[in-house]
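Me: I would like to go through this structure slowly, one question at a time. Could you help me read it with care?

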Amino acid sequence: MRLLRFFAADGSVHLGLREGEKVRDLGIREPLDQISAEDTATAPLLRAADLHLDAPIRSVPKLLALAGNYRKHIVESGFSDAGSRWTPQIFWKPSTSILGPGGKVTLRFNNVFFDWEAELAVIIGRRTKDIPASEAMSCVFGYTIINDLSERKFNAQIENRDKREFDPFFDWLMGKWFDGSAPLGPEIVTADEIGDPHNLKISLSLNGERMQDSNTSNMIFRIPETIAAISSVLTLEPGDIIAMGTPEGVGFARGRALRGGDHLRVEIEGLGQLDTFIVEDPSK
């Protein structure tokens with residue numbers, strides 16, 4: 001199934017089931033709700049092109065993400081590719097960072113070097129704790145696209161700042177938390193429709209120019225071992241999202257920060273394309 005959420009005429013958000021160029025209107029419900037054959041048979045058909053989409057899921061208990069999960073991105077970020085005996089590095093983004101397809105992100109006064117990161121997002125379908133990697137794919141509901149927009153120089157504009165030992169890490173972390181910094185969508189594709197999530201083309205274009213161009217086969221930590229590692233610490237819940245890290249080609253490595261008027265497009269094979277627009281801070 002391909003599930004999306006769209007704004008109805010009365011302003012409410014409905015769940016839709018995409019069928020080619022048409023969408024079945026399933027009414028007000030969540031993507032992980034049970035959908036019966038009767039539900040789909042009686043649902044009215046709408047033209048997909050006429051719909052204004054919201055993020056495909058917003059009831060997200062946790063939005064977790066992997067840092068440094070592609071070797072070439074680690075190197076372009078100035079770190080050493082030290083070998084294979086690593087553990088996953090997990091951080092989180094707040095629910096207020098979620099933004100729908102075609103959304104606009106306004107640069108803030110404390111955005112010094114705002115950047116892009118195309119990523120595969122995994123949607124968890126059931127409550128999961130202490131699951132072995134060999135069974136972890138059974139808790140995956142589906143997949144979508146996420147763009148982990150990141151402020152690379154948070155607090156860099158503060159003059160004569162006294163830095164504590166861990167300030168660089170927390171600057172990096174808070175740079176992930178801006179409102180709208182997790183564009184998501186355009187739809188959730190259920191796991192049964194994706195043959196191998198570890199072999200999907202993934203790319204990002206800025207104003208039509210290709211910046212990232214890779215394949216999810218280049219991930220260091222695959223989905224099963226990532227879920228196993230996370231669930232050994234905390235309970236994964238239905239609707240949780242895990243963003244699987246970004247490949248090389250980010251703006252910081254290119255010396256190109258996002259600015260007002262920029263158009264970002266992330267594409268992942270089988271999942272569609274996700275557009276985001278950058279707007280200049282009107283107070284500047």
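Predicted model: local features only at pLDDT ≥ 70, side-chain atom pairs only at ≥ 80, totals over all residues.

Me: Which backbone oxygen does the side chain of lysine 93 reach?
Reply: Leaving aside neighbours within four places in sequence, lysine 93 is in contact (heavy atoms within 4.5 Å) with residues including Leu63, Asp148, Lys176 and Trp177. The distance from the side chain to the backbone oxygen is 2.6 Å, and that oxygen belongs to lysine 176.

Me: Is lysine 93 buried or exposed?
Reply: Lysine 93 lies in strand 7, where strands (E, at least two residues) and helices (H or I, at least four) are DSSP runs numbered from the N terminus. Buried means under 20% relative accessible area, exposed over 50%, and partly exposed in between, with a 1.4 Å probe and protein chains only. Because its relative accessible area is 2%, lysine 93 is buried.

Me: How far apart in space are proline 31 and glutamate 187?
Reply: Proline 31 lies in the loop between strand 3 and helix 1, and at 1% relative accessibility it counts as buried. Proline 31 and glutamate 187 are 156 residues apart in sequence, yet from C-alpha to C-alpha the distance in space is 9.7 Å.

Me: How many bridges join strand 2 to strand 3?
Reply: Two strands pair if DSSP finds at least two bridges between them. Among the residues facing each other, leucine 17 stands opposite arginine 24, and arginine 18 has valine 23 as its bridge partner. The hairpin has two residues between the strands, with glycine 20 taking a positive phi near 65°. Strand 2 and strand 3 run antiparallel, and the number of bridges is four.

Me: Which residue in the turn between strand 1 and strand 2 has a positive phi of about 90°?
Reply: Strand 1 (residues 2-7) and strand 2 (residues 13-19) pair in the antiparallel sense over five bridges, and phenylalanine 7 has valine 13 as its bridge partner. The two strands form a hairpin with five residues between them, and the residue in question is glycine 11.

Me: How many of the nine residues of helix 4 are buried?
Reply: Helix 4 spans residues 223-231 and is mostly covered. Its buried residues, among them Ile223, Ile227 and Ile230, pack against strand 6, strand 7, strand 11, strand 12 and strand 17.

Me: Which helix gives the largest share of the lining of the largest pocket?
Reply: The lining of 38 residues divides into 18 nonpolar, eleven polar and nine charged. Ala67, Ser77, Phe79, Gln89 and Trp172 lie nearest the centre of the pocket. Among the elements that give two or more residues to the lining are helix 2, helix 3 and helix 5. The largest share is four residues, and it comes from helix 3.

Definitions and conventions
Residues numbered from 1 in each chain as written. Heavy atoms only, no water. 1 Å grid on protein atoms, 1.4 Å probe; cavity = no way out; pocket = protein on both sides within 12 Å on 5 of 7 lines; lining within 4 Å. Nonpolar A, V, L, I, M, F, W, Y, C, P; charged D, E, K, R; others polar. Polar contact = N/O pair within 3.5 Å; in protein donor to acceptor, adjacent residues only side chain to side chain.
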